[in-house]
Amino acid sequence: MTHRTENQRGDILLAFDTVDETELAHYHPLTHALIAARHEEGYLLGWNAYRQSWEIAGGKIEPDEEPRQCVVRELFEETGQIAENIRFCGVMKIQLQPDNRIEYGALYAGDLSELKPFFANPEITQIILWDQQ
């Protein structure tokens, strides 16, 4: 990655490593996992009521949970969707504010052959398909 990516809180994406999924054990602390789920009409985004922003699904990896299991669980909990053909994409290195701590997150991609009904919840209140335009 050759440019700096920063969010509104000041968290910085420092690097994205395209490694094999078997190498995840080398990244400490690996705290979260995200999934970019694609339907034929676009990428699934959810409106996060807490952060007031559109986001892909994902969240904290629970104890004794693998990152791949985390994205399956989070996608369903947040949006009611079930992805197929889930693929590991790489590892994000993030510097979090306000204490500048470093955390790692796993990124996955998956396909949605059909959209299941969505029910708003305290975290995600709306979903859309973003067509990148």
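Trp-54 is partly exposed, with a relative accessible area of 34% (buried means under 20%, exposed over 50% and partly exposed in between, with a 1.4 Å probe and protein chains only). The model is predicted, so local features need pLDDT of at least 70 and side-chain atom pairs count only at pLDDT 80 or more, while totals for chains, interfaces and linings use all residues. Residues are numbered from 1 along each chain as its sequence is written, and side-chain values use heavy atoms, leaving out hydrogens and water.

**Aromatic contacts**

- There are 3 aromatic pairs, where rings of Phe, Tyr and Trp (its six-membered ring) pair if their centres lie within 6.5 Å, with planes under 30 degrees apart counted as stacked, over 60 as edge-to-face and the rest as tilted.
- One of them joins Trp-47 and Trp-54, whose ring centres are 5.3 Å apart and whose planes stand at 65 degrees, so the pair is edge-to-face.
- Trp-47 is also partly exposed, at 22% relative accessibility.
- Phe-88 and Tyr-108 form an edge-to-face pair as well, with 5.3 Å from centre to centre and 65 degrees between the planes.
- Phe-88 belongs to strand E7 (residues 84-96) and Tyr-108 to strand E8 (residues 101-111), so this pair ties together parts that are 20 residues apart in sequence; helices (H or I, at least four residues) and strands (E, at least two) are DSSP runs, numbered from the N terminus.
- Phe-88 and Tyr-108 are both buried.
- Arg-38 lies over the face of Tyr-43, 4.9 Å from the ring centre; a charge sits over a ring if NZ of Lys or CZ of Arg is within 6 Å of the ring centre and within 35 degrees of the ring normal.

**Helix H1**

- H1 has 13 residues and reaches 18 Å from its first C-alpha to its last, close to the 18 Å expected at 1.5 Å a residue (the expected span is 1.5 Å times one less than the number of residues).
- The buried residues in H1 are Pro-67, Cys-70, Val-71, Glu-74, Leu-75, Glu-78 and Thr-79.
- Viewed down the helix axis, these buried residues fall within an arc of 125 degrees, so they line one face of H1; the arc is that of the directions from the helix axis to the C-beta atoms.
- Their cover includes strand E3 (30-39), strand E4 (42-48), strand E6 (57-60), E8 and strand E9 (124-130), with contact meaning heavy atoms within 4.5 Å.
- Gly-80 follows H1 and has a positive phi, near 80 degrees.

**Salt bridges**

- The count is 10 salt bridges, each being a side-chain nitrogen of Lys or Arg within 4 Å of a carboxyl oxygen of Asp or Glu.
- Glu-77 and Arg-73 form a salt bridge with an N to O distance of 3.3 Å.
- These two residues are 4 apart in helix H1 (residues 67-79), which means a separation of about one helical turn.
- Glu-77 is partly exposed, with a relative accessible area of 48%.
- A network of salt bridges links Glu-65, Arg-73, Glu-74 and Glu-77.
- Arg-101 bridges to Asp-99, with the closest N and O atoms 3.1 Å apart, and Glu-103 forms a salt bridge with Arg-101, the closest N and O atoms again being 3.1 Å apart.
- Arg-101 is partly exposed at 38% relative accessible area, Asp-99 is partly exposed at 47%, and Glu-103 is buried at 15%.
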